[in-house]
Amino acid sequence: MKTKFPNKAVNTVKSSLRHLIVVNFLWIAVLYPASQCAAQSTPARTLLALSKGDHVLAIIDPVSLKTIGRVPVGSDPHEVVASADGKTAYVTIYGGGSLHELNVIDLVAQKPLPTIDTRPLMGPHGITFVDGKVWFTVEGTKTVARYDPATGKIDWLMGTGQDRTHMIFVTPGGKRVYTTNVASGTVSILVDTLIQPGPPPGGSSSMPPPPGGAASMGPPPGFGPHSDWLQTVITVGKGSEGFDISPDGKELWTAASNDGTIYIIDLAAKKLTSTLDAKALGANRLKFTPDGKPVLVTSLRTGDLFIYAAATHKQLKTISTGRGAAGILVDDDSSRAFIGCTADNYVAVVDLKTFTVTGHIDVRGADGLAWAVRP
C-alpha cells in the first residue's frame, strides 16, 4: 500500500532540506578561507615574545605590531630562539635552576612539538642557535650544553664551575662560547682549541726522561694533536647577567645589576679593559645594535633603558619604558628596539632615531624576545 503525504508536509521537508544545504554551503564558504588563512598566517619575519604570565609564546607581526598566534609553553619560560630557517622555536623552561625542559614550537603551524627533557641538566636558561644546533646554559648544573635537532640528542656539554651560568653567545662555527655567571660575578670564555702533543700545559713533564735522553721522548703510540675546550674566567661585577659581543667581535660588554657598572672585555687579550659607572641598577639585559653604534641596557628594577655610544663610552640617553625592563630585540636596520617590560605586561617599541617610545604590544609578563626569519 502506497502512503501519501499531505502537500504541506512535503513542502516542509523540501524547505528544511534547502535550508540545510544553504547553511552547510555558508559554513564551507566561511571555514575554508579561514583555514587557508591560518595556514599562511605566520609571516616570513616574525617577532617572538615569551609571556611569563600566560605561559605562551606570542607570535607577532613586526609591521602591524599585532599578535597573530599564541602557543602554550611550560610553567616558567625565560628565553627563546628560532632555528636558522625560521620554522622552529626553542624555549627554555627555567624554574630558577630547578626545571628541565626545552619546549619546541612549530612556528608555521603555530603548535607545540614534543618537549626535550634535559635531565640530568637542570635549569636551562640562555639559548642560541648556531650551525644547526641549539646551545644553552644550564644554571642548576653550572653547565653549557648543545642539542642536535638532527639526532635528537645532547651531543656536547662542558661545566664552568661558576655559579648561575646564565646567558650565552656562540660564535659562527661553534668554536667559541661566552657566558655570564651571575652569582660568581664572572665571564667564561670557552674556546675549542687544538692541543699539540708535548709537555703538560704550564711546564715540562715531571716524569724523568727515558733511556736515550729527551730526544727519544714523544707522545704515546696513537697520540697526536686533538681538540679540547679550554676555559678562561674573567672577573667582572656581582650580578653581571645581560651581555653582548660587539658586531666586529672585538669586545664583550656586560652590566652588573648590583651596582649598575658596565664592564668591557677585550676578547683578543681576554682581559677587562674598561668599566663605566652607568648606575644602571637592576641591569638585566645588554644589546649592541646591528650597526654597532649604540649599546642598550635595560633595568628590571627601574624600567629604564640606558643607551651608550659604543665608540666613546658616553651615555646618549635614558628612556623610561615602564616599571621593569628585561629582554631586548633590535631591528636589522637598527631603527627600532623592542623591550620586554615584564612588570608592565607589554613589549615597548622604541624609536632609536628619536629615542622615544612609540608603541606597546600586549604580552603579559613579557621577557625573552627573538626574531624568526624564513627565507
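Modeller: Strand 14 (residues 186–195) and strand 15 pair in the antiparallel sense over 10 bridges. Strands here are DSSP runs (E, at least two residues), as helices are (H or I, at least four), numbered from the N terminus, and two strands pair if DSSP finds at least two bridges between them. Within this pairing, Ser188 has Val233 of strand 15 as its bridge partner. The model is a predicted one, in which local features need pLDDT of at least 70 and side-chain atom pairs count only at pLDDT 80 or more, while totals for chains, interfaces and linings use all residues. Residues are numbered from 1 along each chain as its sequence is written, and side-chain values use heavy atoms, with hydrogens and water left out.

The two strands belong to an open sheet of 4 strands in the order 12-13-14-15, with antiparallel pairing. Strand 12 (165–170) and strand 15 (226–235) stand at its edges with a single partner strand each, so one side of each has no neighbour in the sheet. On average, neighbouring strands of this sheet are turned by 25 degrees against each other, direction ignored; the axes are lines fitted to C-alpha atoms, for helices over the stretch in contact, and angles run from 0 to 180 degrees between N-to-C directions.

Thr165 has Asn181 in strand 13 as its bridge partner. These two strands form a hairpin with 5 residues between them, and Gly173 in the turn has a positive phi of about 95 degrees. Strand 12 is mostly covered, with 5 of its 6 residues buried; buried means under 20% relative accessible area, exposed over 50% and partly exposed in between (1.4 Å probe, protein chains only).

Phe338 stands opposite Val349 in strand 26.

Strand 20 (residues 283–288) holds Asn284, which counts as buried because its relative accessibility is 7%. Leaving aside residues up to four places away in sequence, Asn284 touches Glu241, Gly242, Thr298, Ser299, Leu300, Ala325, Ala326 and Gly327, where contact means heavy atoms within 4.5 Å.

Aromatic side chains may be considered next. The whole structure contains 6 aromatic pairs, where rings of Phe, Tyr and Trp (its six-membered ring) pair if their centres lie within 6.5 Å, and planes under 30 degrees apart count as stacked, over 60 as edge-to-face and the rest as tilted. Trp253 and Phe288 form an edge-to-face pair, 5.6 Å centre to centre with 75 degrees between the planes. This pair links distant parts of the chain, as Trp253 lies in strand 17 (residues 251–256) and Phe288 in strand 20, 35 residues apart. Both Trp253 and Phe288 are buried. Trp135, Trp156 and Trp229 form one aromatic cluster.

As for the whole, the protein has 1 helix and 28 strands. Of its 375 residues, 47% count as buried. Among contacts between residues at least 6 apart in sequence, 45% join residues at least 24 apart.
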